[in-house]
Structure formats: structure tokens, C-alpha cells
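Dear colleague,

Please find below the structure that I am handing over to you, together with its sequence. My notes on what was found follow directly after it.

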Amino acid sequence: MKLEILSIVAFWTSACAFAPNAAPAKTTALNGEKVPCFGATPLLGKEPIFIGENYWDKLTSEYGSAETGKYIRAAELKHGRAAMLGTVGYAFHKLGFTLNNISPHSFLSVTQGVQFEDLAAVNPVEAFAKIPAEGITQMFAAIAMVEIYELTHRQGKLVEDSRIAPGLEAGGLTGDIGWNPLGIEVTDRRRLSELQNGRAAMFCISAWIANDMYPGAYPLPLPW
């Protein structure tokens, strides 16, 4: 049941991305402003094809504001990025590119007696269940550091002269933490590619986990 709910949520959040980065002035009142969609797939040619209006205004005007749309789009971006990382890790495990083959150490946890080859012998879901609580805590701490950084920084700089953390302000969370060491130009095409790959990854990781937890849950055979 949990996986069914997860799949429904992934489908819903993948339906549409929200306001672009170049958003208008902040709006907190329910003023009926329509927020253009971003992230529709171009089916034919370069321009996306829409049926109906090219706006997502249910949550941004009827139930919230333009900042609501920015927040939900940021959530979609984060879920998509996490799903892309998860999909790559899942595929590596299934294809045999596991730490027992590349790490000079044989133990994940000496105190708990967990070896890398023990994790490689089972599917990724079962392998995750074997990770000691200390390992889960380290993962949580790493994720928390990224989240705290976004909450407290704006354009890569720590905000110290504000009573409210930038990420807690209306429209403060955008999914952009200002980390671009290669200086890659962020174009709408690249943003679109990230959204689409993230959406595909959310469907993919949901299907793979469901297949491993409930064999035969998905009718299409996987390559392993």
C-alpha cells in the first residue's frame, strides 16, 4: 500500500513543473495571478505542445500564491535529483558494481559484522535494511547539511542580518543552492532536461523497488 501511495505521489508531482526562476515580484495574497508552467515536454519541434491553458494556478492562486508554486517546484526538483542518484546506485548494485569489488576494505561495519559482500548478495532493498543505524545516521546528517545550507544561504552566501532564515521566507526555497563549480550556463533547455530526467527517475526507482519487494508486481521484465 505504501508503494502504491508513493507511485501516485510521484506521478502527481511529475505532472507539471511550476513557475520559472525569473519569477515576478513576491506575492503573498490570493490575487488570482496565473503562474506559467515550466517543464512541458516538446513532442514535435522545439516548442512544447499543450492541451488547454499553459498555466498551473490551482495551488498558486486558489490555494496559495506564486511562492507556493516555487516551493512545490523546488520539492519536485529535489525529489527528482534524489531519484536520479537512487536510480544510478540501484543500477550499479544490480550490475555488480558494488563496494566489495572496488573497496580495499571488506567490512561496512566491523562492530556490527556487516561485510560489503553480504550486501552484494541481496537486492538493494534488503541491502539497505542491513545497514546499521550508525550508517543511516551518517546519511541523514549529510542530507541535513545540504538542507541547512539552503535554508541559511542565498546565492551561495550566508545570510546573517535576517531574523528569518532565507529558506523559511515565502518563495525562499527554489532548489538552487548556488553550487556551480564548473561555471556551466544554466539555460531553460538544461533546466528542462533536469526536470524530465528527474521525473523519469522517480517512476523508475518506484518501479524497481516495487519489483524487488513484490516480485511480479510490474509485468515488464527487468534486464537482471
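His-93 is found in helix H3, where helices (H or I, at least four residues) and strands (E, at least two) are DSSP runs numbered from the N terminus. With a relative accessible area of 17%, His-93 is buried; the term buried means under 20% relative accessible area, exposed means over 50%, and partly exposed lies in between (1.4 Å probe, protein chains only). A polar atom of the His-93 side chain lies 2.7 Å from the backbone oxygen of Val-122. The backbone oxygen of Leu-119 lies 3.4 Å from a polar atom of the His-93 side chain. For polar contacts, the pair of N or O atoms must be within 3.5 Å; within protein, one must be able to donate a hydrogen and the other to accept it, and residues adjacent in sequence count only if both atoms are side-chain atoms. Leaving aside neighbours within four places in sequence, His-93 is in contact (heavy atoms within 4.5 Å) with Thr-98, Leu-119, Ala-120, Val-122, Asn-123, Pro-124 and Ala-127.

Please note that the model is predicted: local features need pLDDT of at least 70, side-chain atom pairs count only at pLDDT 80 or more, and totals for chains, interfaces and linings use all residues. Residues are numbered from 1 along each chain as its sequence is written, and side-chain values use heavy atoms, with hydrogens and water left out.

As to the overall architecture, the chain has eight helices and four strands. Along the sequence these elements follow the pattern α-α-α-α-β-β-α-α-α-β-β-α. Of the 224 residues in the chain, 30% are buried. Among the contacts in the chain with a separation of 6 or more, 59% are accounted for by residues 24 or more positions apart. The chain exposes about 15,100 Å², of which carbon and sulfur atoms supply 64%; accessible areas come from the Shrake-Rupley method with a 1.4 Å probe, and for residues only the protein chains shown count as cover.

I turn next to the charged pairs. Side chains of opposite charge can pair when their charged atoms come close. A salt bridge is a side-chain nitrogen of Lys or Arg within 4 Å of a carboxyl oxygen of Asp or Glu, and by this rule the count comes to six salt bridges. In one of them, Arg-199 pairs with Glu-76, and the closest N and O atoms are 2.8 Å apart. Because Arg-199 lies in helix H8 (residues 188-213) and Glu-76 in helix H3 (residues 66-95), this pair ties together parts that are 123 residues apart in sequence. Arg-199 counts as buried at 7% relative accessibility, and Glu-76 counts as buried at 4%.

A further salt bridge joins Glu-150 to Lys-78, with the closest N and O atoms 2.6 Å apart. Glu-150 lies in helix H7 (residues 133-152) and Lys-78 in helix H3, so the pair ties together parts that are 72 residues apart in sequence. Glu-150 is buried, with a relative accessible area of 5%, whereas Lys-78 is partly exposed at 24%.

Asp-188 forms a salt bridge with Arg-191, and here the closest N and O atoms are 2.9 Å apart. The two residues are three apart in helix H8 and are therefore separated by about one helical turn. Asp-188 counts as partly exposed at 49% relative accessibility, while Arg-191 is buried at 12%.

The nonpolar residues complete the picture. A nonpolar core is a set of buried Ala, Val, Leu, Ile, Met, Phe, Trp, Tyr and Cys residues joined through side-chain atoms within 4.5 Å. The largest such core has seven residues: Ala-83, Tyr-90, Ala-91, Ala-201, Met-202, Ile-205 and Trp-208. H3 and H8 are the elements that give two or more residues to this core, and its largest share, four residues, comes from H8. Ala-82 also lies in helix H3 and is partly exposed, with a relative accessible area of 48%. The C-alpha atoms of Ala-82 and Met-202 are separated by 8.5 Å, although the residues are 120 apart along the chain.

Yours sincerely
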